[in-house]
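The following questions and answers concern the model shown below. Please consult the sequence and the coordinates together while reading.

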Amino acid sequence: MGHASAGGDADPVTTEKVTIQLDRRTITVAYRDGDTLLQTARMAGLAAPSSCEVGNCGTCMARLTDGSARMINNDALTEEEVAEGWVLTCQSLPTSESITVVYE
């Protein structure tokens, strides 16, 4: 058995940039590995909405318009909302090279 892969199906994609739209502003920032989308928005100086920060309330929800993310926990969004691209930004880690998230 080789040790080429670091335990995963495929090589993980490195997220390089995150674009966030909030309050009629659009900001693109470099992504820091391990940060959630909410943390990334705050690092960019945006006052992103949030409340519980554990995936229960839905206050921080935003819609992915480009790219993909994985939610660590989701106790607030329905399957339909997730299918429409909504994510809880406090629980979302990007899984694509670039990602665009819109707080509506």
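Contact means heavy atoms within 4.5 Å. This is a predicted model, in which local features need pLDDT of at least 70 and side-chain atom pairs count only at pLDDT 80 or more, while totals for chains, interfaces and linings use all residues. Residues are numbered from 1 along each chain as its sequence is written, and side-chain values use heavy atoms, with hydrogens and water left out.

Q: Which residues does Leu64 touch, not counting residues up to four places away in sequence?
A: Leu64 is one of the residues that touch the most other members of the largest nonpolar core. A nonpolar core is a set of buried Ala, Val, Leu, Ile, Met, Phe, Trp, Tyr and Cys residues joined through side-chain atoms within 4.5 Å. Buried means under 20% relative accessible area, exposed over 50%, and partly exposed in between (1.4 Å probe, protein chains only). With residues up to four places away in sequence set aside, Leu64 touches Leu37, Ala69, Gly85, Val87, Ile99, Thr100 and Val101.

Q: How many residues are in the largest nonpolar core?
A: Val18, Ile20, Leu37, Ala48, Leu64 and Tyr103 touch the most other members of this core. The elements that give two or more residues to the core are S1 (17-22), S2 (25-30), H1 (37-43), S3 (61-66), S5 (86-88) and S7 (98-102); helices (H or I, at least four residues) and strands (E, at least two) are DSSP runs, numbered from the N terminus. The number of residues in the largest nonpolar core is 23.

Q: Is Thr100 buried or exposed?
A: Thr100 is found in strand S7. Leaving aside neighbours within four places in sequence, Thr100 is in contact with Thr19, Gln21, Arg63, Leu64, Thr65 and Asp66. Because its relative accessible area is 13%, Thr100 is classed as buried.

Q: Which residue takes a positive phi in the hairpin of S1 and S2?
A: S1 and S2 run antiparallel and are joined by 6 bridges, where two strands pair if DSSP finds at least two bridges between them. Lys17 stands opposite Ala30 in S2. The hairpin has 2 residues between the strands, and the positive phi, near 50°, belongs to Asp23.

Q: How many disulfides does the count come to?
A: A disulfide is a pair of cysteine sulfur atoms within 2.5 Å. The sulfur of Cys90, a buried residue at 9% relative accessible area, is 3.7 Å from the closest cysteine sulfur, in Cys60, and is therefore too far for a bond. By this rule the count of disulfides comes to 0.

Q: Which residue meets Arg32 in a salt bridge?
A: A salt bridge is a side-chain nitrogen of Lys or Arg within 4 Å of a carboxyl oxygen of Asp or Glu. The N to O distance is 3.2 Å, and the partner is Asp35.

Q: How many residues apart are Arg63 and Glu104?
A: The side chains of Arg63 and Glu104 meet in a salt bridge with an N to O distance of 2.5 Å. The pair links distant parts of the chain, with Arg63 in strand S3 and Glu104 in the segment after S7. Arg63 is partly exposed at 26% relative accessibility, and Glu104 is exposed at 60%. The number of residues apart is 41.
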